[in-house]
Each structure stands twice: as C-alpha cells, then as structure tokens.
Amino acid sequence: MKSETKILTAKRFKHRLIGLMGRTVWPTGFDGIYFPRCRSVHTFFTFLRPDLLFLDKNHKILRIHFSAKSWLVFVGPMHTYGCLEIPRRASRYLGLKEGDVIDWLLQ
C-alpha cells in the first residue's frame with residue numbers, strides 16, 4: 001500500500017457492526033477496515049465485494065478471500081486474530097499472498 005495508507009481500526013461497536021454494509025462505493029478517508037479480535041465476518045448487505053484478509057497477531061496473512069461474495073459468512077483459520085477488509089482486487093494488485101506480513105497495518 002502507499003506510505004500514507006489509512007486503515008480504520010474497528011474498535012467501536014458502531015464500526016464493528018456496520019463495516020461496509022449498505023455501501024455501493026468505497027468510503028472516502030480510509031483504504032481498509034481492520035477488525036481486531038475477530039475470527040469471522042459476514043457480507044450481509046455488503047455490495048462492494050471486498051478482499052478479506054484473515055491475519056494472526058503478528059499481521060501475517062493466514063487466508064485471503066478475493067472479492068468476497070455478498071450474503072456469506074467467512075471464518076478465518078485457526079490462530080486468526082483479526083480481519084482486514086480492503087477494496088476488491090487490491091490484494092492481487094499489491095501482490096499479497098498467504099504468509100505475507102502486513103507491515104503497513106496500524107502504522
């Protein structure tokens with residue numbers, strides 16, 4: 001990601017509950033949403049089809065779901081600590097793969 005990447009960390013109940021629900025364009029002001037302490041996410045009412053990256057505590061990618069389809073529940077593998085949602089196809093554009101460490105997260 002670019003050096004000034006802005007990630008919203010969903011700590012507040014509102015951000016954790018709503019996430020990307022109901023949106024048809026990516027929200028301005030941030031490049032991703034990180035859900036710490038979260039092993040699963042749903043895409044109910046989510047129309048953007050984001051890439052979902054399940055991460056461990058050290059921000060290593062354990063699993064990637066590219067262009068996550070709407071109306072599904074996604075569960076991370078064992079040792080998942082959080083989930084990072086980024087715009088559709090961003091993972092491929094950035095060349096991210098399982099095992100990579102997201103060192104720009106939470107900078």
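L53 stands opposite I64 in β5. The two residues belong to a pairing in a predicted model, where local features need pLDDT of at least 70, side-chain atom pairs count only at pLDDT 80 or more, and totals for chains, interfaces and linings use all residues. Residues are numbered from 1 along each chain as its sequence is written, and side-chain values use heavy atoms, with hydrogens and water left out.

Strand β4 (residues 51–55) and β5 run antiparallel and are joined by four bridges. Strands are DSSP runs of E with at least two residues, numbered from the N terminus. Two strands count as paired if DSSP finds at least two bridges between them. Strands of a sheet pair through backbone hydrogen bonds, either parallel or antiparallel.

The β4–β5 pair is part of an open sheet of five strands. The order is β1-β2-β7-β4-β5, and the pairing is mixed. The edges are held by β1 (7–9) and β5 (61–65). Each has a single partner strand, so one side of each is left without a neighbour in the sheet. Neighbouring strands of this sheet are turned by 20° against each other on average, direction ignored. The axes behind this angle are lines fitted to C-alpha atoms, and angles run from 0 to 180 degrees between N-to-C directions.

Strand β7 (82–86) pairs with both β2 and β4. With β2 (residues 32–36), the pairing is antiparallel over four bridges. With β4, five bridges are formed, again antiparallel. E85 of β7 stands opposite I33. E85 also stands opposite L52. Five of the five residues of β7 are buried, so the strand is largely enclosed by the rest of the structure. Buried means under 20% relative accessible area, exposed over 50%, and partly exposed in between (1.4 Å probe, protein chains only). In a regular strand the side chains alternate between the two faces of the sheet. In β7, G82, L84 and I86 point one way. C83 and E85 point the other way.

The loops were examined next. S67 is found in the loop between β5 and β6. At 12% relative accessibility, S67 counts as buried. Leaving aside residues up to four places away in sequence, S67 touches R49, P50, D51, R88 and R89. Contact here means heavy atoms within 4.5 Å. R49, one of these partners, lies in the loop between β3 (40–42) and β4. R49 is partly exposed, at 25% relative accessibility. Its phi is near 50°, a positive value in a residue other than glycine. H79 likewise has a positive phi, of about 75°, and is not a glycine. H79 sits in the loop between β6 and β7. H79 is exposed, at 64% relative accessibility.

The loop between β5 and β6 (73–75) also holds W71. W71 is partly exposed, with a relative accessible area of 47%. Together with F44, F45, F47, V73 and V75, W71 makes a nonpolar surface patch of about 600 Å². Patches are made of residues with over 30% relative accessible area and no salt bridge; like charges are joined within 9 Å, and nonpolar side chains (Val, Leu, Ile, Met, Phe, Trp, Tyr) within 5 Å. Accessible areas come from the Shrake-Rupley method with a 1.4 Å probe.

A salt bridge is a side-chain nitrogen of Lys or Arg within 4 Å of a carboxyl oxygen of Asp or Glu. By this rule the count comes to one. The side chains of K97 and D100 meet in a salt bridge, at 3.1 Å from N to O. K97 is exposed, at 51% relative accessibility.
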